[in-house]
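Welcome! Please take a moment with the sequence and the 3D view below, and then read on for a short tour.

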Amino acid sequence: MDSLSKLDEVKTTQWAGGREPWSIEYGKIMMWFFLVSDAFTFSSFLIYYGAQKFAQPTWIDADKIFQSIPGLADSGQPLVFVGIMTFILIMSSVSMVLAVEAGHRNSKKEVVKWMVWTILGGMAFVGCQALEWTHLHHLGFWFGKNPATGLTDPAAISAALQPYFTNDISYTAALQFANLFFTITGFHGFHVTIGIILNIIILCMVLNNTFQKRGSYLMIEKVGLYWHFVDLVWVFVFTFFYLI
């Protein structure tokens, strides 16, 4: 039998492939590659938002525009509702951690329980975001619109925007804020929605004993990486829009 050529020989060195050099399963490292690329996208959005905010002489005051609790209070509760949203999302990340841990122990019952809580948390967050969007739209904010859109009298424009500014008033700043707020939070909400769908699919696979038959719940961990990424991104979105 002819000997194998150098190209056909199986390489066994550290950098020849397989699980080396990071000793990570292929699917997990591909998820990490995706998350890193997605992080660049979110970073670009947030950097642009910061550039626009600091390029303007004035900007909308978060304490004044985010001071309602939809369905309960129209004003006087600054950042309370978004605080509730953030708590819900963080707790869903905790339940995802517990689902991954239960998967490592091959405990199907616990995996199902914590996946259900994660899905419910994600749905609650998206629902809260929809309420917040609806409230802001009712105030007059939307893509390409702010409460002064359509007004021509400077005094009327000033009166329409005055409740949302602390010092000087800027129609352009209000418009930029609306465009970027709905774009960035919408992009994040889209990611959360995709995560909910993925979690539901994985939950169905768990109920169908797919991972029990494989002998591994590694897929839970892969989806968990995505879910934790979504939570981490929200921390930055929350900081840029609601705190700074």
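## A walk around helix 6

Thr185 sits in helix 6. Helices here are DSSP runs (H or I, at least four residues), as strands are (E, at least two), and they are numbered from the N terminus. Before going further, note that this is a predicted model, in which local features need pLDDT of at least 70 and side-chain atom pairs count only at pLDDT 80 or more, while totals for chains, interfaces and linings use all residues. Residues are numbered from 1 along each chain as its sequence is written, and side-chain values use heavy atoms, with hydrogens and water left out.

How confident is the prediction? The pLDDT score is the predictor's confidence in each residue, from 0 to 100. The protein has a mean pLDDT of 89, and 90% of its residues reach 70 or more. Confidence is highest in helix 6, at 96, and lowest in helix 7 (residues 210–214), at a mean of 87.

Is Thr185 buried or exposed? With a relative accessibility of 1%, Thr185 counts as buried, a word that means under 20% relative accessible area, whereas exposed means over 50% and partly exposed is in between (1.4 Å probe, protein chains only). Leaving out residues up to four places away in sequence, Thr185 touches Gln129, Trp133, Leu180 and Val237; contact means heavy atoms within 4.5 Å. Ala160 is 25 residues from Thr185 along the chain, and their C-alpha atoms are separated by 24 Å.

Phe177 also belongs to helix 6. This residue is buried, at a relative accessible area of 3%. Which residues does Phe177 touch, not counting those up to four places away in sequence? They are Tyr49, Trp59, Ile60, Ile65, Phe66 and Phe241. Between Phe177 and Ile220 there are 43 residues in sequence and 37 Å in space, C-alpha to C-alpha.

Phe187 is in helix 6 as well, but this residue is partly exposed, with a relative accessible area of 23%. Its contacts, again not counting residues up to four places away in sequence, are Asp38, Thr41, Phe42 and Phe45. Phe187 and Phe42 are 145 residues apart along the chain, yet their C-alpha atoms are separated by 8.6 Å.

### How the helices pack

Two packed helices are described by the angle between their axes and the distance between the axes. Axes are lines fitted to C-alpha atoms, for helices over the stretch in contact, and angles run from 0 to 180 degrees between N-to-C directions.

| Pair | Angle | Axis distance |
|---|---|---|
| Helix 4 (residues 108–139) and helix 6 (residues 171–207) | about 155° | 9 Å |
| Helix 6 and helix 8 (residues 218–243) | roughly 160° | within 10 Å |
| Helix 3 and helix 4 | about 160° | 8 Å |

Helix 3 is therefore roughly antiparallel to helix 4. Under the naming used, angles under 35 degrees count as roughly parallel, over 145 as roughly antiparallel, 65 to 115 as roughly perpendicular and the rest as oblique. Helix 3 passes helix 4 in a left-handed crossing, meaning that the near helix is turned anticlockwise from the far one by less than a right angle, with right-handed used if clockwise. The contact of helix 3 with helix 4 has 16 nonpolar, seven polar and two charged residues. In this grouping, Ala, Val, Leu, Ile, Met, Phe, Trp, Tyr, Cys and Pro count as nonpolar, Asp, Glu, Lys and Arg as charged, and the others, Gly among them, as polar.

Helix 4 and helix 6 are roughly antiparallel to each other too, and their crossing is left-handed. Where helix 4 meets helix 6, the contact residues divide into 19 nonpolar, nine polar and two charged.

Helix 6 is also roughly antiparallel to helix 8, and helix 6 passes helix 8 in a left-handed crossing. What classes make up the contact of helix 6 with helix 8? There are 21 nonpolar, five polar and no charged residues.

### Two loop residues to look for

Most residues other than glycine have a negative phi. Asn106, though not a glycine, has a positive phi of about 55°. You will find Asn106 in the loop between helix 3 (80–104) and helix 4, where its 40% relative accessibility makes it partly exposed. Asn209 has a positive phi near 65° and lies in the loop between helix 6 and helix 7. At 30% relative accessibility, Asn209 counts as partly exposed.
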